[in-house]
Amino acid sequence: MREDDGAQCHHPQLTKVEDNPRSNVKAALTYARPRNCIRDGKLVDSESSAEPYIAISYAWDIRPSFKEWEGRRVTEQALHIADRLSKHTSYALWIDAICIDQDNEPVKMVELAKMADIYRGAIAVLCLVPEIDQATSRVVEHGTGMIDLDGFRALEQAGDTHGMYMFASQGSNKALHKLFSSRWWTRVWTFQEAVLNHITFWDSVHSMSDAMKAYMPLGTAISSVWRRQSTVTHDMAYSLLGVCRLETITPDYRLPVEKVFADLVDKASSKGDFSWLRWSHVVDRDAACEGMSMVPVPATVLATPASAITEWRSVEVPQMSVVRGGAVGVCIPHRSTGVIRWQSEPEDIKGVINMLQKLSYGPEDIWNLLFGLHVGFACDVDKAVGGSGLAQALLNLATGYIDGTIKLEDSEDDLVGDKPYTRGYGFTAYASMAAKVWRNTQLVVMRSQGGTTVVPAHSGTGQARLHRLPVESHRGTCLCLVVHDSTKFRASAIGVMVEDDHAGSGSWQFTRFS
């Protein structure tokens, strides 16, 4: 790490690793090892050795400078990091720009496939965030010490997120603004690198030992990573393999990116993880190429104006050997709730709200149908802000923002109220997010025997059916799929389904949707 990065010149966390050499030995003996490491300025064979090593997580320079070193092309940045850190530890270091031969494609593919194991098997992981200096370290250490105090817990119970931040950070702290604006937080690979090892140090700040104790559902990982940045689009998929336990996929940068993302979700589904379907609602099905009508991609996730707070879980489905559908696409279980008995004409968001009210839907159901996927269910917003029964207030505020009777200011995205310990404040941000979701979009209401959904107007024609998908919220509200008989192996739309009382659904079917 460079002196001019503003990072600490000493590394007390590296010293802690030195003092506890058995800290992650078991992991080092369990996982696939890297081909090479660097120790004392020399490349060493690590694959045939059980020698422990420290893995380094960092963001490459935007325009890296390369030089020849020990028969390979490496970045000057990586050599500088190795030189700096080697002065503080006797352990070998694993730094990707040095230890992976960037110009040897076959070797590079093998090492990339082992990336998750390399970080899991390290004796420790050091995350180099150059914006961290001694002053920032003191602020972060102070904040982590404050979260166990009664005052912080009282603010947490009251749902006062703003008060929690102010309490732990001693005010709106410039050091923290600088820290969290670092490029390190925006890169796709650094997410996996930081959470795979139970001994992870944030460049001499603190350990995040609870960051990753089990696999992460793909839908959750997409939420965390696909709003980051990557030079190579393939890495948006390959950087998730470790945290989602999908290492059986072998990285291949020669594949078309569409196949990379289709393989990613297909592999997750084969392991019973359907959480990624929560992101299928953002797919532009009219523009999607063959086989991609259900497959989310980073560009569409990034363009989504909000990221929902509701957690979705996969539903266990029976093993099925019969698969309907075409030769390409993604295999998905579904249960029919019947044909669409009524469908509205396309309307804007305000028109749909009025229509649902006339159909006797309550404010919570209306909010969930319209904004549950993008922003979160009304009950989860209640919980987040410490309120109760806020759905009508949310709808009123969002409608006011939409029709212009209430002016929407950017600052209101973070408005949480100025009265600590007061429940009911803080929903303003959720209403402002909701107001941005369906701008310039025509929506249709669709009702089957099983329930109702609201989805964007689409090109499907003729008779359609509503199918339950194997994903539901903690309260059992499911996602549904609209499929037209004329294009029965290609999805038309996805939405939240509000089920009718005592409504049933058919048996599980397995279809490859193109």
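The structure holds 6 aromatic pairs. Rings of Phe, Tyr and Trp (its six-membered ring) pair if their centres lie within 6.5 Å; planes under 30 degrees apart are stacked, over 60 edge-to-face, and the rest tilted. The model is predicted: local features need pLDDT of at least 70, side-chain atom pairs count only at pLDDT 80 or more, and totals for chains, interfaces and linings use all residues. Residues are numbered from 1 along each chain as its sequence is written, and side-chain values use heavy atoms, with hydrogens and water left out.

Start with Trp94 and Tyr119. Their pair is edge-to-face, at 5.5 Å centre to centre and 80 degrees between the planes. Trp94 lies in strand β6 (residues 92-94) and Tyr119 in helix α6 (residues 115-121), so the pair ties together parts 25 residues apart in sequence. Helices (H or I, at least four residues) and strands (E, at least two) are DSSP runs, numbered from the N terminus. Both Trp94 and Tyr119 are buried. Buried means under 20% relative accessible area, exposed over 50%, and partly exposed in between (1.4 Å probe, protein chains only).

Next come Tyr238 and Tyr253. Their ring centres are 5.3 Å apart and their planes stand at 75 degrees, so this pair is edge-to-face. The pair links distant parts of the chain, 15 residues apart: Tyr238 is in helix α13 (residues 235-238), Tyr253 in the loop between α13 and α14 (257-270). Tyr238 is buried, with a relative accessible area of 5%. Tyr253 is partly exposed, at 22%.

Now the helices. Two packed helices are described by the angle between their axes and the distance between the axes. Axes are lines fitted to C-alpha atoms, for helices over the stretch in contact; angles run from 0 to 180 degrees between N-to-C directions.

Helix α19 (residues 391-403) and helix α20 (residues 428-437) have axes that come within 8 Å and cross at roughly 45 degrees. Their crossing is right-handed (near helix turned clockwise from the far one by less than a right angle; anticlockwise is left-handed). On α19, the contact (heavy atoms within 4.5 Å) involves Leu394, Leu397, Ala398, Tyr401 and Ile402. On α20, Thr428, Tyr430, Ala431, Ser432, Ala434 and Ala435 take part.

Helix α16 (residues 349-358) also meets α19. Their axes come within 10 Å and cross at roughly 145 degrees. This crossing is left-handed. Ile349, Lys350 and Ile353 of α16 contact Leu395, Thr399, Ile402 and Asp403 of α19.
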